[in-house]
Amino acid sequence: MFEHVEIYPGDPILSLMEDYQKDPRTEKVNLSIGFYYDEHGNVPVLESVKKAKSILDTRTQEPNLYLPMDGLPSFRKQVQQYLFGEADAEHGERIVTLQTVGGSGAIRVGADFLKRYYPDAEVWISDPTWDNHHAIFKGAGFEVQRYPYLKEDGRQINFEGLIATFESLPANTIVLLHACCHNPTGLDLAPGQWDALFSLFARRSLIPFLDAAYLGLGEGLAKDSYAIRALAGSGITGLVSNSFSKVFSLYGERVGSLSVICQSSVIAGRVAGQLKGTVRTNYSNPPRFGAELVSIILGEPSLRTAWLAELERMRQRMVDMRHALYDEIKTLKPYSKVEYLVTQSGMFSYSGLTADAVDRIREKHGIYFIRNGRICIAGLNALNVSRVAIAIASES
């Protein structure tokens with residue numbers, strides 16, 4: 001039995017992490033996986049999260065029962081308000097939000113739901129994108145295609161190409177878009193471009209699926225949320241997956257959400273029921289602890305304010321590291337074309353380094369990038385930025 005089971009090649013990012021852990025060099029640098037590290041190279045526990053844990057500990061101990069299929073009610077309410085802001089007050093009755101097992105779980109639940117009701121649709125994802133996007137939708141049974149995201153120079157969004165591609169797609173095609181902090185490129189659409197896309201989607205009856213894993217880590221929470229809130233106000237149907245792993249540093253708690261913006265409250269009610277059915281046949285119900293922490297922080301004004309300040313410090317530290325790396329490389333090699341470091345935003349930069357160059361940097365310098373050239377800016381700090389600059393300058 002099972003002789004026909006093939007070898008799993010592994011996830012390229014997680015496999016690289018395993019190689020990093022085995023590397024005996026003391027000055028090795030991990031700029032691969034999307035963790036936020038503080039200035040000391042540690043994954044932080046946020047002070048707002050510590051306070052939320054203290055509040056949770058003081059509450060009356062209750063039996064640790066299953067959550068509802070759609071998650072903790074207070075979490076769902078707080079998250080919908082957090083994601084949609086004023087748009088929730090205006091359009092909230094036609095938005096469904098459920099708690100999911102991380103952002104990946106949100107995408108999978110959304111994919112399974114869409115496959116049931118649009119079985120012949122294709123899914124289009126950006127080229128490039130996070131590898132798991134393709135795997136999740138393919139795993140749900142979809143044919144997955146790629147739309148061009150970058151111009152030939154790899155430094156600018158090919159907006160004309162986006163428009164031309166989307167104009168050619170049949171009705172009910174599902175289009176995955178990064179709400180902000182595009183992974184891996186760090187290049188995001190401007191508000192006017194989002195508006196133009198949603199107008200096109202309405203005219204062509206396309207279904208946008210926004211993935212939001214880094215809200216607040218790009219241009220700040222308000223600007224990073226523009227696409228989500230504009231989608232809610234556009235009058236079209238769409239989906240939003242969201243993760244709290246990075247912005248709350250709650251990776252292991254797997255706290256995420258899926259929101260579906262519907263045409264009416266009546267449709268929203270039916271969608272809510274079918275989403276619960278989708279969850280029931282997948283993981284039955286989500287975990288409790290992380291959702292309770294997020295709910296407390298978003299619901300307590302003082303804690304929310306404290307968390308927003310921590311989030312902004314995280315964002316600003318990455319901005320500072322971008323400029324520090326840029327300055328170091330320019331000092332070493334003045335004609336290096338590394339402007340991308342300061343024009344891109346968010347957790348990642350798309351360096352344009354070839355896979356061979358990435359391999360050489362890892363072997364010679366002990367610095368780990370993803371082989372597509374993506375750099376995790378959050379892994380930089382004052383102690384390693386010079387070494388990383390030397391490595392990149394040697395290949396650029």
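This is a predicted model: local features need pLDDT of at least 70, side-chain atom pairs count only at pLDDT 80 or more; totals for chains, interfaces and linings use all residues.
Strand β3 (residues 122-127) pairs in the parallel sense with two strands. With strand β4 (residues 143-148) the pairing runs over six bridges, and Ser-126 has Tyr-147 in β4 as its bridge partner. With strand β5 (residues 174-178) the pairing runs over two bridges, where Trp-124 stands opposite Val-175.

A nonpolar patch on the surface is formed by Met-1, Phe-2 and Val-5, which together have about 420 Å² of accessible area. Phe-2 is located in the segment before α1; this residue counts as exposed because its relative accessibility is 63%.

Twelve salt bridges are found in the whole structure. In one of them, the closest N and O atoms of Asp-23 and Arg-25 are 2.8 Å apart. Asp-23 is buried at 9% relative accessibility, whereas Arg-25 is partly exposed at 32%.

Another salt bridge links the side chains of Glu-27 and Arg-387, at 3.6 Å from N to O. Glu-27 lies in the loop between α1 and β1 and Arg-387 in helix α17 (residues 385-393), so this pair ties together parts that are 360 residues apart in sequence. Glu-27 is exposed, with a relative accessible area of 52%, while Arg-387 is partly exposed at 25%.

Asp-359 and Arg-371 also form a salt bridge, with a distance of 2.8 Å between the closest N and O atoms. Asp-359 belongs to helix α16 (residues 355-365) and Arg-371 to the loop between β10 and β11, so the pair ties together parts twelve residues apart in sequence. Asp-359 is buried at 14% and Arg-371 partly exposed at 43% relative accessibility. A network of salt bridges links Asp-359, Arg-362 and Arg-371.

Conventions. Residues are numbered from 1 along each chain as its sequence is written. Side-chain values use heavy atoms; hydrogens and water are left out. Two strands pair if DSSP finds at least two bridges between them. Helices (H or I, at least four residues) and strands (E, at least two) are DSSP runs, numbered from the N terminus. Patches are made of residues with over 30% relative accessible area and no salt bridge: like charges are joined within 9 Å, nonpolar side chains (Val, Leu, Ile, Met, Phe, Trp, Tyr) within 5 Å. Accessible areas come from the Shrake-Rupley method with a 1.4 Å probe; for residues, only the protein chains shown count as cover. A salt bridge is a side-chain nitrogen of Lys or Arg within 4 Å of a carboxyl oxygen of Asp or Glu. Buried means under 20% relative accessible area, exposed over 50%, partly exposed in between (1.4 Å probe, protein chains only).
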